[in-house]
Amino acid sequence: MAENILEMHSITKTFPGVKALEDVELRVEKGEIHAICGENGAGKSTLMKVLSGVYPYGTYDGKIVFQGKEARYHSIKESEHAGVVIIHQELALVPHLTVAENIFLGNERKGRFGLIDWNEANTQAIELMHQVGLDENPTTPVGQLGVGKQQLIEIAKALSKDVSLLILDEPTAALNDSDSQHLLDLMKRLRDEQGITSIMISHKLNEIEYVADTTTIIRDGQTIETLDMSDPESNQDRIIRGMVGRELENRYPPKTGRHVGEELFRVENWSVNHPTQPDRIVIDNASFDVKAGEVVGIAGLMGAGRTELAMSVFGRTYGRHGSGKVYKRGKEIHTRSVAECIQNGIAYATEDRKRYGLNLIDDIRHNISAAGIHKLTSNGWINTNEELKVAQEYRVAMNIKTPSVLQKAGNLSGGNQQKVVLSKWMYTDADVVILDEPTRGIDVGAKYEIYTIINKLASEGKAVVIISSELPELLGTCDRIFTLAFGRITGQLPIDEANPEALMKLMTQERTAKPAAASAGEGK
Amino acid sequence: MSTTATAKKPGSDESTESIGASIRAAFTTNLRQSGIFIAFIAIVILFTFLTEGTLLTGQNVTNIILQYSYILVLAIGMVIVIIGGHIDLSVGSVVAFSGAVSAVLVIKNGMPWWVGVLAAIGVGILVGAWQGFWVAFVGIPAFITTLAGMLMFRGATYLTLENISLSPFPAEYARIGVGFQNGLLGGPGYDVFTLVVFAIAVAAYIFTQFRQRAAAVSYNQHVAAMPLFIVKLVAVAAVVMWLSWLLANNRGLPNVLIILTILVIVYTLVTTRTVFGRNVYAIGGNLTAATLSGVKVKWVNFGIMLNMGFLAGVAGVLFGARSNGAQPGAGNMFELDAIAASFIGGAAVTGGVGKVTGAIIGGLIMATMTNGMQLIGWDQSLQNIVKGLVLLLAVAFDVYNKRRAGASR
């Protein structure tokens, strides 16, 4: 039996009124990849914060043994010094600084007179990037690289600190499939070649199955079980059972009660240019349509222009408008501002709830009424009693888990925040609902609830468009799937012809020699 | 709409908090709001003690109201600017400029007093529109736009007044700032009219509080326990009537207090009950989310700056009336007092949070401290140090509170 690099014994962490962790046990063997999974709010991140000293020694009960010695970290600095490096979900890179500057930030390579030796730094940066499979100029500003590469820079940064235990908090949450694959392979390589132990927090069960040697499941602040992933019994269904404490028969509710009707919404020959580089075409002559009672998916890899397409249609909130027309029930409508879209019954729930979807410092009530406030207004005055009633009705109908709608939206978990966003748009009475990554960063149980809501919208005769990077999700919820590649719609498949291979082929289809000339592409 | 309403019976048992829960709420979730009231009361008591009672004499209370009214008017506009995520550094100069235009028309050119009043407010609105244009439609940060405005309108003031002070205003003009409503109902040594006006106001307040409570209960909202609610009403009524007694025994009801009260009521409603007010909180809280929820951000920003200009014009009238003239250096540093009042009153530095009543209390805290220190005879330099420290500590308390709230998640 290999030795344990880390042992956490009966860790208990309480916040005023809440027991976040209770007698949690974690044992990580040296040189393994150890996955930690559990629903949102189960206590995974809290556990990692205890380990890395974000919550200093003394603020929790229990014992941490790292590399055979008891660890008492009072800050991240101390835990990093000991070789524990945590990479958070939100990347902590400075976009305007170069790759090398970022890698050595807070850990600068000093030469003579205490001045920074940039030649040395850049040379080492190239070496570190090489280790993570990157071939970039170390003087490139990090902001110019894609999210996937930035994630790798974070790992390079960790390597520069002589890491012996690497903690990755949902490392692939913002990555597309190929970047995710690359990252997972890198984790394996670091394990095999350099003996680096990794702890990975993830929601993505197929990734856990692919990369992890051991999986510890946490639920409601307690360790449920630790699975040896070489055991064939330890499959995805097994993990789900541990996470939710119940059998989850189907991850997607049955598509019952849908009656696909007439065409409700159509975008035709839509072209958009980049906001700051007017010559760059981001969306090229894209057309799609959705019928009443139908759920249509838009599949595309990261950078294909999914969000850009949606946002440019939704009140021209992205890019420079090129050309194209929007029809509703066969009649041309204009979508020049968000207000105009709301009037026309179009809703768009954004990809990044925290940044674009919610006012986190305001209460749930005001967030729910934000887009449909005109319905609560007469003579310029808001009927605040009615507003509260509406919010309470949605709390019940959407099962938003909160003691009161007067709580701040920022206090909710990801799944409940998404329900607030959906409530906001449902209250506008929109019949065209565009959902951008509706289940990103949401745990399995809440995902199921969101899918149920999508089903309900469709069965009420609304037209639903789902943008997602998770193909199983689209296959599980949609009636028809469009594929987007490099800003162009490359095809559409009815659900019974769609499968991951066929979609992926269309999603990676490169521009043909002569792009289809924009027939309606007149003015700019 | 497809939600299932599950309205419970009005007045169901869970909507009224227990007394203990209400008190706990005041010290936990509502700490920031209760905190500022507690701080205000503590400061009043402290300075009453230090000044051996002079602070709360009728004459001194009247003085405080007359002296700080224009800062409070500015604080109302400023807190809205700050909630929207902006700042306005120009208001002191705008106060001076609008007062100067008014003085030139009335004192130099002999126009009627009301022309001067309208002109000052008109100048304020024009300045607000000018700054609103740059902030909202050109996208220049308000900090820069109003820094430029601070210089430009100060310069314009000197130009308008040709570098000299003008005075005095006709009596009607001055009365706005230093006049009183009294004697209308006579009274044996004290002014009955003042007492009656305050009594009506208190009655109206109690009535609306009961109505709001009834509405809250019927909508299944949590309300404070009845005994506490009564205690609160009685306390407010007692303090207000005691204040009116002080005023009635001095010179009666100051005109500026009437103006100020109307502004506070109107702007409390604007911020809490209108779409414009809601939009201000939305863009201050999360600009992108507001844009994507259909808020017309540019027009809201324009409105915020326009309104600040309007209130600066009003403050210009009040200041001109009180100082009975216009000086080139008038209104210097007013913006800083107004900004300090907003932050002491609980506005967040990042925008999205704040209250009109909070800014008023914040302004009153500043006013009480300044006045109290003057009465004790402390040096100006010491006064500034104390005021600076209080501002710093108030915001530090806010930051500490947020961090505590954040850590408990």
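Let me begin at one residue: leaving aside its neighbours within four places in sequence, A:Asn359 is in contact with A:Asn367 and A:Ala409 on its own chain, and also with B:Tyr281, B:Ala282, B:Gly285 and B:Asn286. Please keep in mind throughout that what we are looking at is a predicted model. As for its setting, A:Asn359 sits in the loop of chain A that runs between α11 (353-357) and α12 (364-369). Is A:Asn359 buried or exposed? Its relative accessibility is 8%, and because buried means under 20%, A:Asn359 counts as buried.

From there, let me step back to the domains. Chain A is divided into domain 1 (1-83 + 165-249), domain 2 (97-163), domain 3 (252-345 + 432-524) and domain 4 (357-429). If we take the centres over C-alpha atoms, domain 1 of chain A and domain 3 of chain A are separated by 36 Å. For chain B the assignment gives domain 1 (66-181 + 271-399) and domain 2 (183-250), and the centres of these domains of chain B, again over C-alpha atoms, are 29 Å from each other.

Now to the strands of chain A, starting with β3 (residues 33-37), which is mostly covered, since five of its five residues are buried. On one side we find A:Ile33, A:Ala35 and A:Cys37, on the other A:His34 and A:Ile36, and with all of them buried, both faces of β3(A) are covered. Which strands pair with β3(A)? One is β8 (residues 197-201) of chain A, in the parallel sense and over four bridges, where A:His34 has A:Ile199 as its bridge partner. Another is β9 (residues 214-219) of chain A, also parallel and over four bridges, and there the bridge partner of A:Ala35 is A:Thr215.

Apart from neighbours within four places in sequence, A:Lys30 is in contact with A:Glu3, A:Asn4, A:Ile5, A:Gln67 and A:Thr197. A:Lys188 lies 158 residues away from A:Lys30 along the chain, and their C-alpha atoms are separated by 14 Å.

Chain A also contains an open sheet of four strands, in the order β12-β11-β14-β15, with antiparallel pairing. At its edges are β12 (281-291) and β15 (331-333) of chain A, each of which pairs on one side only. On average, and with direction ignored, neighbouring strands of this sheet are turned by 15 degrees against each other. Helix α9 (residues 306-313) of chain A packs on the sheet, where it touches β11 (263-273) and β12 of chain A, and the direction of the helix makes about 110 degrees with that of β11(A).

Let me turn to chain B and to the nonpolar cores. The largest nonpolar core has 103 residues, and those with the most contacts inside it are B:Val73, B:Leu74, B:Ile76, B:Tyr267, B:Ile304 and B:Ile365. Helix α3 (residues 58-83) of chain B supplies the largest share of this core, 18 residues, while at least three residues come from each of domain 1 and domain 2 of chain B. A second, separate core has 81 residues, among them A:Ala292, A:Ala349, A:Ile373 and A:Leu506. Within chain B, and not counting residues up to four places away in sequence, B:Val73 touches B:Leu260, B:Leu263, B:Leu311, B:Val314, B:Ala315 and B:Leu318.

Helix α15 (residues 356-376) of chain B holds B:Gly363, which counts as buried because its relative accessibility is 5%. B:Gly363 touches B:Leu72 and B:Ala341, with residues up to four places away not counted. From B:Gly363 to B:Ile76 there are 287 residues in sequence, yet C-alpha to C-alpha they are 9.5 Å apart in space.

Finally, a word on the record: the unreviewed UniProt entry annotates "transmembrane region" over several stretches of chain B, including 114-144 and 253-270. In the model, residues 114-144 of chain B are 90% helix and 0% strand, with end C-alpha atoms 34 Å apart. Residues 253-270 of chain B are 89% helix and 11% strand, with 26 Å between the end C-alpha atoms.

Key
Residues are numbered from 1 along each chain as its sequence is written. Chains are lettered from A and ligands numbered from 1 in the order in which they are written. This is a predicted model: local features need pLDDT of at least 70, side-chain atom pairs count only at pLDDT 80 or more; totals for chains, interfaces and linings use all residues. Side-chain values use heavy atoms; hydrogens and water are left out. A nonpolar core is a set of buried Ala, Val, Leu, Ile, Met, Phe, Trp, Tyr and Cys residues joined through side-chain atoms within 4.5 Å. Buried means under 20% relative accessible area, exposed over 50%, partly exposed in between (1.4 Å probe, protein chains only). Helices (H or I, at least four residues) and strands (E, at least two) are DSSP runs, numbered from the N terminus. Domain bounds come from an automatic or database domain assignment. Contact means heavy atoms within 4.5 Å. UniProt positions are given in the numbering used here, feature names are shortened, and annotations may be inferred rather than shown by experiment. Two strands pair if DSSP finds at least two bridges between them. Axes are lines fitted to C-alpha atoms, for helices over the stretch in contact, and angles run from 0 to 180 degrees between N-to-C directions.
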